[in-house]
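Trainee: Please show me the model before we talk about it.

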Amino acid sequence: NNRITEIPHEIWNLKKLQELQADTNRLRALPSGVLEMRDLQKCFVHNNPLLEPEDVLDEALMEQNAPKPPPAGDCDQSRTRFRECFIHVSFHEICGVSQVPVVHFLASRELLEQKRAVCAEKQLNEQLLKETALAKIKVLTSRQNAAKAAKH
């Protein structure tokens with residue numbers, strides 16, 4: 001029951017973090033650094049007013065609804081310092097939680113476009129992995145059902 005509105009972008013420095021408990025707060029999105037945390041095994045973000053894809057359909061909605069960038073920070077794509085930045089929100093599966101909004105702060109429009117492309121590819125790969133896993137489950141279930149039917 002905290003009132004945390006954002007997690008620092010620099011969370012990516014906690015590379016060995018295995019569990020992030022951020023449920024029941026005021027988070028709108030997670031920082032992009034969580035995508036770099038390879039050891040993260042559990043992520044609790046339930047009961048937060050997380051952004052939905054329709055909240056950030058275009059740049060105007062993105063500007064209005066996305067978490068505000070810090071006065072100065074590091075660009076997600078280039079790690080260069082910025083004073084003004086562009087915002088992008090993408091949606092990813094993190095530790096089995098689907099459609100988690102992730103906010104990216106970028107130093108230039110060119111880097112924004114690059115990040116959009118990278119995120120789109122990552123989301124496509126996540127979807128393909130999910131569909132492949134579901135197809136495998138369906139095949140296994142069909143085989144089990146066929147085996148049961150053959151016994152009767």
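The questions below go through a helix, a sheet and some salt bridges.

Mentor: Keep in mind that this is a predicted model.

Trainee: What distance should helix α2 span, and how far apart are its end C-alpha atoms?

Mentor: Helix α2 covers residues 109-151, which makes 43 residues.

Trainee: Which strands do the buried residues of α2 pack against?

Mentor: Buried here means under 20% relative accessible area. In α2, Leu111, Leu112, Lys115, Cys119 and Glu126 are buried. The strands that the buried residues pack against are β6 (86-94) and β7 (97-106).

Trainee: Which are the edge strands of the open sheet of three strands?

Mentor: The order in this sheet is β2-β7-β6, and the pairing is mixed. An edge strand pairs on one side only, which holds for β2 (30-31) and β6.

Trainee: In what sense do β6 and β7 pair, and which residue is the bridge partner of Val89?

Mentor: The two strands, β6 and β7, are joined over eight bridges, in the antiparallel sense. In β7, the partner of Val89 is Val103.

Trainee: Where do Asp39 and Lys16 lie, and how many residues apart are they?

Mentor: Their side chains meet in a salt bridge, 3.7 Å from N to O. Asp39 is in the loop between β2 and β3 (42-44), while Lys16 is in the segment before β1 (19-21). The pair thus links distant parts of the chain, 23 residues apart.

Trainee: Is Lys16 buried or exposed?

Mentor: The cut-off for exposed is over 50% relative accessible area. Asp39, with 28%, is partly exposed. Lys16 has a relative accessible area of 67%, so Lys16 is exposed.

Trainee: Which helices does the salt bridge between Glu59 and Arg109 tie together?

Mentor: The closest N and O atoms of Glu59 and Arg109 are 3.1 Å apart. Glu59 lies in helix α1 (residues 59-65) and Arg109 in the other helix, so the pair ties together parts 50 residues apart in sequence: α1 and α2.

Trainee: Which residues are linked with Glu59 and Arg109 in a network of salt bridges?

Mentor: The side chains of Arg116 and Glu113 meet at 2.8 Å, N to O. Both residues lie in α2, three residues apart, about one turn of the helix. Residues three or four places apart in an α-helix point the same way, because there are 3.6 residues a turn. Linked with Glu59 and Arg109 in the network are Glu113 and Arg116.

Terms used
Residues numbered from 1 in each chain as written. Predicted model: local features only at pLDDT ≥ 70, side-chain atom pairs only at ≥ 80, totals over all residues. Heavy atoms only, no water. Helix = DSSP H or I, 4+ residues; strand = E, 2+ residues; numbered from the N terminus. Expected span 1.5 Å × (residues − 1). Buried < 20%, exposed > 50% of the residue type's maximum accessible area, 1.4 Å probe, protein only. Contact = heavy atoms within 4.5 Å. Pairing = 2+ DSSP bridges. Salt bridge = Lys/Arg side-chain N within 4 Å of Asp/Glu carboxyl O.
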